[in-house]
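I opened this structure to look up a few contacts and the packing of its helices. My notes follow.

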Amino acid sequence: MTEILSMKTVFVFSSLIALMLFACMLYVYRKGRTYEGFRHWTLASLLYALGSCLIILRNIAPDLVSIIAANILLIASMLIISRGLVEFFAVKQSTGFDAVCLLFVSGFVSLFTYGWPDINVRIMAVTLAVVVINGRCSYLVYRYSTHLFPFRNRMLSSMFAFVAACFLVRGVYSVIFARIAGDLMAAGAVHSLSVMAFTVGTIGIYVGLITINAQRVEEDLLSAQKDIKTLKGFIPICASCKKVRDDEGFWNQIESYISQRSDAKFSHGICPDCAKKLYPDLWEEMFPRK
């Protein structure tokens with residue numbers, strides 16, 4: 001049981017899950033219809049997989065790789081998810097928060113790795129960043145999902161909140177109840193369980209991201225089908241000028257009416273009958289007899 005809950009085993013398991021998530025995200029991105037933001041989420045899944053793999057090299061590779069680079073990649077993946085949500089929901093937010101958060105984590109992790117080595121301070125710095133970023137993601141989903149869908153996506157919002165809670169519990173526990181002596185891989189079962197819970201929450205997040213993209217595809221399809229049904233039904237058209245009355249009672253040119261409800265585009269010319277009526281002197285030149 002102890003071997004199963006060892007940090008090494010848990011991180012290996014987490015890395016395999018991360019690689020599978022990246023493969024799924026990449027497949028959807030390349031084969032399916034995606035929207036603004038999904039590219040960010042795919043990149044985030046790659047960084048998450050790389051960061052998870054680097055953590056396995058703790059005590060094998062240099063600290064620059066297994067501690068600093070690993071933590072920066074994991075935090076960067078969360079920031080990119082947040083940026084992807086901003087793009088997906090078309091929210092206007094600056095990138096200042098992302099830069100400050102990444103600099104904060106980079107500085108603290110580097111300082112307490114080389115300057116004053118203290119794994120517990122590093123855990124608290126990373127915990128604070130994870131809680132803030134995932135809290136922000138939870139808010140973005142809860143606040144802006146109704147801009148695209150007729151409902152709030154509480155499932156995805158809850159997954160972000162769950163990940164934030166897992167890290168918060170782990171950070172508080174490591175500082176107050178069980179400070180780690182110096183080797184992350186020798187941490188106790190509580191830390192292992194928190195990493196496992198984080199991995200489960202991350203799976204839920206990426207499944208939720210794929211789901212909201214699919215839901216948007218479905219919403220667009222339903223909207224397109226509604227427009228197609230309108231064109232198939234009765235179209236009130238003026239018998240004289242050929243303008244079409246829309247649902248609001250306004251009369252529009254038939255070209256405008258059809259273009260707004262389909263992918264059809266119009267190019268204008270003149271038929272022989274109208275040319276003969278409007279330009280009788282030029283009619284022979286415009287339409288010479290064969």
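I count a contact when heavy atoms lie within 4.5 Å. The model is predicted: local features need pLDDT of at least 70, side-chain atom pairs count only at pLDDT 80 or more, and totals for chains, interfaces and linings use all residues. Residues are numbered from 1 along each chain as its sequence is written, and side-chain values use heavy atoms, with hydrogens and water left out.

Entry one, T202. I found T202 in helix α7, residues 189-232; helices are DSSP runs of H or I with at least four residues, numbered from the N terminus. Is T202 buried or exposed? T202 is buried, at a relative accessible area of 5% (buried means under 20%, exposed over 50%, partly exposed in between, with a 1.4 Å probe and protein chains only). Not counting residues up to four places away in sequence, T202 touches L21, Y48 and V163. Between the C-alpha atoms of T202 and L21 I noted 9.2 Å, although 181 residues separate them along the chain.

Entry two, L85. Leaving aside neighbours within four places in sequence, L85 is in contact with W41, C137, L140, V141, F160, L209 and I212.

The axes of α4 (residues 96-115) and α5 (residues 119-144) come within 8 Å and cross at roughly 165 degrees. I took axes as lines fitted to C-alpha atoms, for helices over the stretch in contact, with angles from 0 to 180 degrees between N-to-C directions. The two helices, α4 and α5, are therefore roughly antiparallel (over 145 degrees). Among the residues making the contact are F97 and F104 of α4 and V121 and R136 of α5.

Technical notes. Parallel < 35°, antiparallel > 145°, perpendicular 65-115°, else oblique.
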